[in-house]
Amino acid sequence: MQNALSVVTVVVVGLMVGVEFAVAVFVNPILDRLPDNGGLAARSDGARILGRVMPFWYIGSVLLGATWTATARGDAGTGLVVTAAGLLVLSVVMSIALLVPINSRAARWTRDTAPADWRQQLGRWDRLHYLRVAVIVTAFALLVVALA
């Protein structure tokens, strides 16, 4: 049972990391290069779609990490799992406190309703997102090492 929990946790967190990494490194930079602010609508739509899905993924990852932590007491690698679970909690706190407010605004923007500083707001979101990606990549790496 412990082995299955470990594998499921690594897979779920790994997939989340992959999605968030792709958004940070590929998707948003591509959208930002579209002519005539074409990326605004796409980023707004992405904010709506991912804003509905990602909370469950993040909370699910935290719950899996916490469950692994609770069931792994005394096992080799427990410290790594505890640290990874703490980083996943940090990523949720960062999301709620820093990224969600920007994302919630961006989800409502259209070409006609976007504020004059929409690029700056999305740039701030991107910088905070890079930091969050670093946190979850670190958590994922710790979980992988703990599994090995």
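How do the residues of the lining of the largest cavity divide into nonpolar, polar and charged? Keep that in mind as you click around; this is a predicted model.

Start with the cavity itself. A search of the whole structure turns up one cavity of 30 Å³ or more, and the volume of the largest cavity comes to about 50 Å³. Colour by residue class and you have your answer: five nonpolar, three polar and three charged.

Asn37 sits in the loop between α1 and α2, and its phi is near 55°, a positive value in a residue other than glycine. Asn37 counts as partly exposed, at 31% relative accessibility.

Next, pick Asp36, which is in the loop between α1 and α2 (38-71). Phi is near 55° for Asp36, again positive without being a glycine. Is Asp36 buried or exposed? Exposed: the relative accessible area of Asp36 is 66%.

Last stop, the surface. Select Phe21, Val25, Phe26, Val27 and Ile30, and you'll have a nonpolar patch of about 420 Å². Zoom in on Val27, found in helix α1 (residues 2-32). Val27 has a relative accessible area of 38%, so it is partly exposed.

Note on methods
Residues are numbered from 1 along each chain as its sequence is written. This is a predicted model: local features need pLDDT of at least 70, side-chain atom pairs count only at pLDDT 80 or more; totals for chains, interfaces and linings use all residues. Side-chain values use heavy atoms; hydrogens and water are left out. Patches are made of residues with over 30% relative accessible area and no salt bridge: like charges are joined within 9 Å, nonpolar side chains (Val, Leu, Ile, Met, Phe, Trp, Tyr) within 5 Å. Accessible areas come from the Shrake-Rupley method with a 1.4 Å probe; for residues, only the protein chains shown count as cover. A salt bridge is a side-chain nitrogen of Lys or Arg within 4 Å of a carboxyl oxygen of Asp or Glu. Helices (H or I, at least four residues) and strands (E, at least two) are DSSP runs, numbered from the N terminus. Buried means under 20% relative accessible area, exposed over 50%, partly exposed in between (1.4 Å probe, protein chains only). On a 1 Å grid over the protein atoms alone, a cavity is a set of points where a 1.4 Å probe fits but cannot get out, and a pocket is an open set with protein on both sides within 12 Å along at least five of seven lines; lining residues have an atom within 4 Å of a point. Grid points are joined across faces, edges and corners, and a volume is the space filled by probe spheres set on the points. Ala, Val, Leu, Ile, Met, Phe, Trp, Tyr, Cys and Pro count as nonpolar, Asp, Glu, Lys and Arg as charged, and the others, Gly among them, as polar.
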